[in-house]
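Work through the following exercises with the sequence and the model at hand. Each task is followed by its solution.

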Amino acid sequence: MEAFWASFLVVFLAELGDKTQLIVMAFAVKYNWRSVFLGMTLGIFVVHSLAVAIGSLAGELIPVHLMTIIASCLFIGFGVWTLRGDDEGEDEDEATKSSRFGPLLTVAMTFIIGEMGDKTQFAAMTMATQYESWWLVLCGAVLGMVLADSLGIIAGTFLHRRLPAKKMRYLSAGIFLLFGVAGLLESVLQNI
């Protein structure tokens, strides 16, 4: 059980205030919270399964700077999409149905791309190399991240009920754009 609790605490604390916690808040404004939760959980499970399975080799297989660039471009794309989406006069249900992948896969793919090379993935990889119980590390890491990011869903749902739709759309788009631009700048500065 030490492997479970250690990975749970490390991942939970590392995820607090992380970009994906804010991104899930933005998705909770756009989609039904259940779809966001399921997509988030699926994405988290995939990312941490890869981290635990691959362990320390993941850094060699997928360069961190490349994943940062891909994730940043996706975040910018989601920001632009969020700004444009409601201008077409669609209500929330129509906008959700018109998405090419639907809310579940959209959220899951965002988590998978956004968390590749992130500190929580590296934390799970490190824990997997320290403990022989890989499945306890996986369970602890997934649960820690799901709980931390669920706080983002709660915040997004609360804000969605309290703020006008137009302000929430701008807030949502701003979060995506901020992390997209910040990620690109980080990648550029690291490679100078």
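The model is predicted, with local features needing pLDDT of at least 70, side-chain atom pairs pLDDT 80 or more, and totals for chains, interfaces and linings using all residues. Residues are numbered from 1 along each chain as its sequence is written, and side-chain values use heavy atoms, without hydrogens and water.

**Exercise 1.** State the secondary structure content and the burial of the protein.

Solution. Step one: the protein has 10 helices and 0 strands, where helices are DSSP runs (H or I) of at least four residues and strands (E) of at least two, numbered from the N terminus. Step two: of the 192 residues, 46% are buried (under 20% relative accessible area, 1.4 Å probe, protein chains only).

**Exercise 2.** Find what share of contacts between residues at least 6 apart in sequence joins residues at least 24 apart.

Solution. Take contacts as heavy atoms within 4.5 Å. The share is 91%.

**Exercise 3.** Describe how H1 and H9 pack.

Solution. Step one: the axes of H1 (residues 2–15) and H9 (residues 134–162) come within 7 Å and cross at roughly 30 degrees; axes are lines fitted to C-alpha atoms over the stretch in contact, with angles from 0 to 180 degrees between N-to-C directions. Step two: the two helices are therefore roughly parallel (angles under 35 degrees). Step three: on the H1 side the contact includes Phe-4, Phe-8 and Phe-12, and on the H9 side Leu-136, Leu-143 and Leu-147 are among the residues met. Step four: the contact residues divide into 13 nonpolar, 3 polar and 2 charged (nonpolar: Ala, Val, Leu, Ile, Met, Phe, Trp, Tyr, Cys and Pro; charged: Asp, Glu, Lys and Arg; polar: the others, Gly among them).

How values were computed
Buried < 20%, exposed > 50% of the residue type's maximum accessible area, 1.4 Å probe, protein only. Parallel < 35°, antiparallel > 145°, perpendicular 65-115°, else oblique.
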